[in-house]
Amino acid sequence: MAAERNQTSGDQNSDVSPQEGTEEEQNKLVLTLEILQTIKDAQQTHGLRHGDYQRYRGYCARRLRRLRKGLHFTCGNRHKFQRKPITEELLSEQRFLLMPLMEAERAWSYAMQLKQEANTEHRKQFHMVSRMKKAAGHAATLAKLCDSDKVDARTKLEAQAYSAWMQGSLEFEVQLWEAALNHFKEAKTIYEKLSSALPEDARMVYDLRVEDIKPSIRYCAYNIGDQSAMEDLLQMRVKSGAQGMLGDKLDELVAQTREKQAATISEVSWQGRTVSVKQEQVRLFLLSYQESSTDLQAAPDTNSKLEVYEKLLMDCKDAMQVLRAEIREDPSARAAQAEGKMSQLGYLLTYLTYIRNTITIERNLLMAETVKASLSPGAAVDGRRAAKPQDLVRLYDIILQNVEELRQLPGIHDDATMAQNLEAQSDACKAYRSFYIAKSYAVGQKWKEAVALYDQALVQGKTALGLYASLPDSAERIAELDGMVAEVHANKSSAHASCILDSPTSPDEQDLVLNDTGANMVTFPPNFQPIPCKPLFFDLALNHVEFPSLQDRLAEQKKGGGIANMVKGWFWGGGNK
């Protein structure tokens with residue numbers, strides 16, 4: 001009886017088991033799993049938005065445990081682990097495909113965590129490679145499972161691309177460049193085909209993965225021997241800001257390339273004087289400064305441009321520290337400084353100070369343009385508050401300080417064009433500062449102060465326009481200032497009107513007429529004004545015309561009178577009376 005009960009229990013369990021079913025149901029089953037979208041959503045939600053691989057690894061472990069428990073597919077017990085392979089016969093639902101995917105993601109995230117820690121503990125590099133091998137193995141298992149007829153075509157392609165990308169990442173870390181290149185190309189091709197075959201709203205995730213793979217392909221090609229890939233890699237580093245396993249290698253490549261190029265910079269010329277550059281740190285910075293214009297043009301957005309400026313400022317700071325330390329240790333430089341003269345090192349330090357302030361001004365002007373774009377209340381982006389005029393006031397204060405520092409540098413006033421340019425820039429900054437202070441007062445409905453500051457902005461803006469008019473290559477600045485002056489005029493008129501509407505005035509103080517119902521901005525109906533009257537025409541020729549005499553006709557009428565005419569006159573003439 002016990003055996004019969006066990007058999008019956010087994011039969012009942014088999015009826016509800018997710019691993020079993022009728023043959024007809026198995027043949028009809030088609031599984032779908034959007035692999036790339038699934039892992040991207042999980043990564044963004046569970047730590048990778050901030051580069052927290054440990055948190056994402058913990059999520060993958062918990063998700064994997066829930067999947068095994070829900071599918072009654074536990075591997076052993078708490079005392080002993082015994083792996084149970086997932087076979088094609090078990091593919092009764094999507095969760096069986098999720099298990100190898102989560103195992104691969106767990107191993108990969110652990111490898112990336114170890115890679116971060118390997119910067120200070122080099123022995124963890126070996127452990128990282130071991131985890132990458134496990135991740136590649138789980139990805140291959142997923143691809144093999146998806147070859148089943150129970151899985152749709154899209155999932156098969158995604159699994160194949162995911163496995164190729166994971167295997168390429170492993171080979172990238174162990175520097176098997178040719179094998180990594182082939183696997184990355186395979187993954188890129190599959191993702192491009194998927195993107196072209198899907199609707200537009202589903203393409204983004206595949207297009208982003210293709211863009212992520214491209215720098216890795218070019219780096220592998222460079223290491224194989226394709227020297228033309230180096231320039232592409234440098235541009236990709238600026239555009240995409242590659243991170244992770246490729247970012248560090250690209251940074252190393254950039255550093256090596258610039259070291260070779262910096263050796264060619266032996267001297268600099270500025271303000272009519274040429275000095276030699278012997279410090280390696282200074283050479284590297286000057287090379288970065290020369291290439292910054294190309295990097296800024298290649299930057300896709302404002303944040304990327306700001307990153308270029310920030311890196312330049314950090315490199316400039318390091319170079320200036322090297323020069324200051326060398327000046328302190330050089331007796332001749334200290335002696336020249338004590339006598340009020342400028343040594344070669346002092347001149348080079350002045351030049352770097354000029355560059356630092358110039359870069360800071362350009363960065364702050366870019367930030368000011370960004371703040372202007374979000375100045376209106378409806379222009380808030382990504383949940384952030386809209387900017388206020390006070391934000392721009394602070395920025396223009398900093399810009400003005402940088403301009404004044406430039407004007408105080410030795411030798412600046414010897415160059416008339418540069419001195420005039422800095423003076424024009426100073427007046428323009430003052431005009432913008434007055435303008436946005438006025439807008440701040442206008443927001444607080446302090447109309448009198450706002451009108452006074454608008455007047456001040458007009459004066460400073462017109463002064464700057466006069467200075468820029470005689471400077472070369474100033475068309476863009478002039479156009480920008482013209483737009484600001486026009487806006488100041490409009491805002492000033494609005495503030496003036498608001499001041500009249502909000503403040504009681506007397507007829508002696510204002511040209512406008514006020515009454516109990518409000519301010520009369522214009523007189524309606526308008527007052528009468530004298531205008532030229534309609535001209536009169538006189539017939540001057542009438543006085544010189546001689547009319548013919550009518551006496552003959554009058555005489556004939558008198559002769560024809562009688563009783564008949566009298567009777568006729570009674571009927572016609574009398575009737576009219």
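Buried means under 20% relative accessible area, exposed means over 50%, and partly exposed sits in between (1.4 Å probe, protein chains only). With that in hand, Arg-154 counts as partly exposed, because its relative accessible area is 23%. This is a predicted model, where local features need pLDDT of at least 70, side-chain atom pairs count only at pLDDT 80 or more, and totals for chains, interfaces and linings use all residues. Residues are numbered from 1 along each chain as its sequence is written, and side-chain values use heavy atoms, with hydrogens and water left out.

**Salt bridges**

- A salt bridge here is a side-chain nitrogen of Lys or Arg within 4 Å of a carboxyl oxygen of Asp or Glu, and that rule gives 18 of them.
- (Helices are DSSP runs of H or I with at least four residues, numbered from the N terminus.)
- Glu-34 is partly exposed, at 34% relative accessible area. There's also a network here: salt bridges link Glu-34, Arg-154 and Glu-158.
- Glu-404 and Arg-407 form a bridge too, with their closest N and O atoms 3.5 Å apart. Both sit in helix 16 (residues 389-407), three residues apart, or about one turn of the helix.
- Glu-404 is partly exposed at 27%, and Arg-407 is partly exposed at 21%.
- For Lys-492 and Asp-455, the closest N and O atoms of the salt bridge are 2.6 Å apart. Lys-492 is in helix 19 (residues 475-502) and Asp-455 in helix 18 (residues 447-469), so the pair connects parts 37 residues apart in sequence.
- Lys-492 comes out partly exposed at 26%, and Asp-455 is partly exposed at 31%.

**Aromatic pairs**

- Rings of Phe, Tyr and Trp (its six-membered ring) pair if their centres lie within 6.5 Å; planes under 30 degrees apart count as stacked, over 60 as edge-to-face and the rest as tilted. The structure has 18 aromatic pairs.
- One of them is the tilted pair of Phe-172 and Tyr-219, at 5.7 Å centre to centre with 40° between the planes. Phe-172 is in helix 7 and Tyr-219 in helix 9 (residues 204-224), so the pair ties together parts 47 residues apart in sequence.
- Phe-172 is buried at 0% relative accessibility, and Tyr-219 is buried at 9%.
- Phe-435 and Tyr-436 have ring centres 4.9 Å apart and planes at 50°, so they make a tilted pair. Both Phe-435 and Tyr-436 are buried.
- Ring pairs also join Phe-172, Trp-177, Phe-184, Tyr-219 and Tyr-222 into a cluster.

**Charged patches**

- A charged patch takes residues with over 30% relative accessible area and no salt bridge, joining like charges within 9 Å. Lys and Arg count as positive and Asp and Glu as negative, while His and the chain ends are not counted.
- On the positive side, Arg-55, Arg-62, Arg-65 and Arg-66 gather in a surface patch. Arg-55 sits in helix 4 (residues 53-70) and is partly exposed at 42% relative accessible area.
- On the negative side, the surface patch is made of Glu-88, Glu-89, Asp-147 and Asp-149. Asp-149 lies in the loop between helix 6 (124-145) and helix 7 (153-173), and counts as exposed at 69% relative accessibility.

Terms used. Patch = residues over 30% accessible without salt bridge, like charges linked within 9 Å, V, L, I, M, F, W, Y side chains within 5 Å. Areas by Shrake-Rupley, 256 points an atom, 1.4 Å probe, with all protein chains shown as cover. Charge placed at Lys NZ, Arg CZ, Asp CG, Glu CD. Helix = DSSP H or I, 4+ residues; strand = E, 2+ residues; numbered from the N terminus.
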